[in-house]
Amino acid sequence: MAASAPSAGGAGTMSRDAFRAAVTNTLERRLFFVPSFKIYGGVAGLYDYGPPGCAVKANVLAFWRQHFVLEEGMLEVDCPCVTPEVVLKASGHVDKFTDLMVKDEKTGNCYRADHLLKDFCKDKLEKDHTLSPEMVKEYNRVLAILDDLSAEQLGAKIKEYGIVAPDTKNPLSDPYPFNLMFQTSIGPSGLSPGYMRPETAQGIFVNFKDLYYYNGNKLPFAAAQIGQAFRNEISPRQGLLRVREFTLAEIEHFVDPEDKSHPKFGDVSDLEFLMFPREDQMAGRSATRLKLGNAVSEGTVNNETLGYFIGRVYLFLTQLGIDKDRLRFRQHLPNEMAHYAADCWDAEIECSYGWIECVGIADRSAYDLRAHSDKSGEKLEAHEKFAEPREVEKLVITPSKKELGLAFKGNQKMVLESLEAMTETEALDMKAVLESKGEVEFKVCTLGKDVTIKKNMVSINIEKKKEHQRKFTPSVIEPSFGIGRIIYCLFEHCFYQRPGKTEDEQLNVFCFPPLVAPIKCTVFPLVKLEKFEVVAKKISKALTAAGISHIIDMTGNTIGKRYARTDEIGVPLAITVDNTTSVTVRDRDSKDQIRVEVDEVASVVKEVTDGQSTWADIMWRYPAHSSSAADEEEAEP
């Protein structure tokens with residue numbers, strides 16, 4: 001890897017806003033990304049990746065596949081973006097995939113309620129130097145529990161603080177839920193409603209049965225998917241951090257709910273990094289460094305498999321180039337977490353916008369597979385075969401179709417299904433009441449009312465049976481990666497400025513690790529001479545054969561200007577052709593240079609960009625090259 005840049009990713013003496021502006025201006029000017037449909041005024045929340053942005057994204061996804069899919073033996077799938085309504089009804093998205101919105105009561109402009117409260121508190125803390133210690137504590141407490149506030153609590157805080165519409169200063173409505181999915185119609189008839197998927201996970205869940213069979217009917221196993229997702233954000237802002245179409249990379253790791261140990265947990269148990277348990281958040285404390293093994297053994301993290309993926313996510317992000325001191329794992333607060341979830345953590349990365357959730361790692365229990373089993377009627381189960389048959393006590397619920405039909409006629413099926421779906425506790429309670437009173441009131445959810453069940457309508461018994469296998473619904477551990485958010489935070493963490501030729505000049509540099517750099521090296525003939533251009537083309541051909549992305553620049557610009565242009569898009573190495581037998585290789589961050597024979601240079605570059613050797617390793621093996629004044633001349637491109 002190239003030498004590191006100590007000041008990378010920090011705003012230094014610049015304000016956060018100025019630092020962000022420098023990063024964003026560089027990214028847009030060098031075509032990493034630009035607003036979509038710009039010639040028509042653009043559309044909020046939609047962006048296009050340009051050539052270097054596409055290359056960075058492709059490299060991040062390639063490393064994700066290597067780090068997770070290949071190393072963990074995962075099964076990769078690719079499912080449609082358009083999803084039938086019934087699938088998202090079963091998953092809960094149709095009814096519950098919402099954010100709380102407020103409206104300007106005069107203009108009708110819409111805002112996310114939690115964002116307005118968050119901005120107000122942060123603005124007060126940063127700019128109001130007259131705040132009392134009590135109010136500082138109050139605003140920090142609100143920021144810590146913001147995601148745990150209900151609609152009523154959010155509305156009360158907005159009124160208490162006198163928060164108004166930011167554009168017009170008009171009063172705001174009470175917060176209310178807004179569904180974030182884009183609705184569509186499948187086919188020309190309009191009779192088959194659908195949605196653009198808000199996540200990729202549902203495609204994996206509905207394919208569980210086939211994937212389980214493909215995996216030899218064995219657990220645990222993981223399925224993975226990379227693809228586009230769509231969310232109709234209320235007020236998208238913050239560039240790539242909050243958009244309406246984005247790339248997700250998601251893993252669904254299916255595991256026996258009775259055994260969530262992981263055979264490779266020992267590989268990550270000694271990792272130590274910033275963790276932010278819910279108790280510390282509620283008490284107003286800061287994140288602290290915890291050893292992952294201790295966090296699992298003490299019950300802070302629910303189980304080994306969840307802990308293993310937290311560790312793997314930490315390694316993935318830091319190897320990409322995310323600063324480990326600005327990465328933390330925050331546990332979900334009670335109100336954030338779904339009732340069925342066992343535990344949830346977010347990998348949050350600090351950038352100029354604050355702490356940004358980039359990866360969610362959740363133990364979703366067996367909710368998803370059960371929901372799709374109930375809705376589709378298809379049993380999404382796994383089984384464990386016993387070496388010897390086991391005698392077990394089983395609850396047997398036997399409804400009498402005849403008696404139910406006589407009593408409930410057309411509603412017989414719904415009553416029967418509700419009886420069969422009872423839990424063991426519910427069934428035994430019913431049995432006790434029927435034996436003592438002869439009848440019981442029973443709520444049938446699909447009918448929306450209570451019905452009277454009599455003793456002759458159902459038989460409930462505990463029977464001893466011999467079983468040769470155990471059937472169960474697997475639990476799911478789900479790491480979900482917002483690729484655009486990770487990439488934007490990577491841009492900020494890798495950006496720094498260094499002095500140029502004049503006192504006031506600052507040159508922009510992205511110190512990407514070679515792993516994710518959009519282009520691995522550049523080739524420059526020092527001057528426009530045919531003999532140097534021939535050598536440059538020969539080196540280019542060797543680099544192509546070695547699979548190394550590169551650009552060749554034969555313009556008449558000074559070598560310093562060409563260095564500055566490639567430093568600005570994060571190219572780790574530059575090859576300057578100043579001789580027909582040997583060339584100069586320059587490191588981006590240290591600006592150190594070495595002499596390498598023409599026939600060796602492609603293999604040297606490959607060593608560094610593939611991570612086989614560091615720049616320091618290479619420096620030991622090759623003679624240093626002292627650059628001339630002309631070589632060092634750098635100017636803003």
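The structure is a predicted model, in which local features need pLDDT of at least 70 and side-chain atom pairs count only at pLDDT 80 or more, while totals for chains, interfaces and linings use all residues. Residues are numbered from 1 along each chain as its sequence is written, and side-chain values use heavy atoms, leaving out hydrogens and water.

**Confidence**
- The chain has a mean pLDDT (the predictor's confidence in each residue, from 0 to 100) of 91, and 96% of its residues reach 70 or more.
- Take care with residues 629-637, where pLDDT stays under 50; the model has 40 contacts (heavy atoms within 4.5 Å) for them beyond four places in sequence.
- Where pLDDT is low, the predicted coordinates should not be read in detail.

- Helices (H or I, at least four residues) and strands (E, at least two) are DSSP runs, numbered from the N terminus.
- In strand E15 (residues 343-351), 9 of 9 residues are buried, meaning under 20% relative accessible area with a 1.4 Å probe, protein chains only.
- In a regular strand the side chains alternate between the two faces of the sheet.
- Both faces of E15 are covered, with Trp345 and Ile349 among the buried residues on one side and Asp346 and Glu348 among those on the other.
- Strands pair if DSSP finds at least two bridges between them; E14 (residues 327-331) runs antiparallel to E15 with 5 bridges, and Arg328 has Glu348 as its bridge partner.
- E16 (residues 354-363) pairs with E15 over 9 bridges, also antiparallel.
- E15 and E16 form a hairpin with 2 residues between them, and Cys351 stands opposite Gly354.

**Helix H19**
- Helix H19 (residues 559-567) is largely enclosed by the rest of the structure, because 7 of its 9 residues are buried.
- Among the buried residues of H19 are Arg562, Tyr563 and Asp567.

How values were computed:
Buried means under 20% relative accessible area, exposed over 50%, partly exposed in between (1.4 Å probe, protein chains only).
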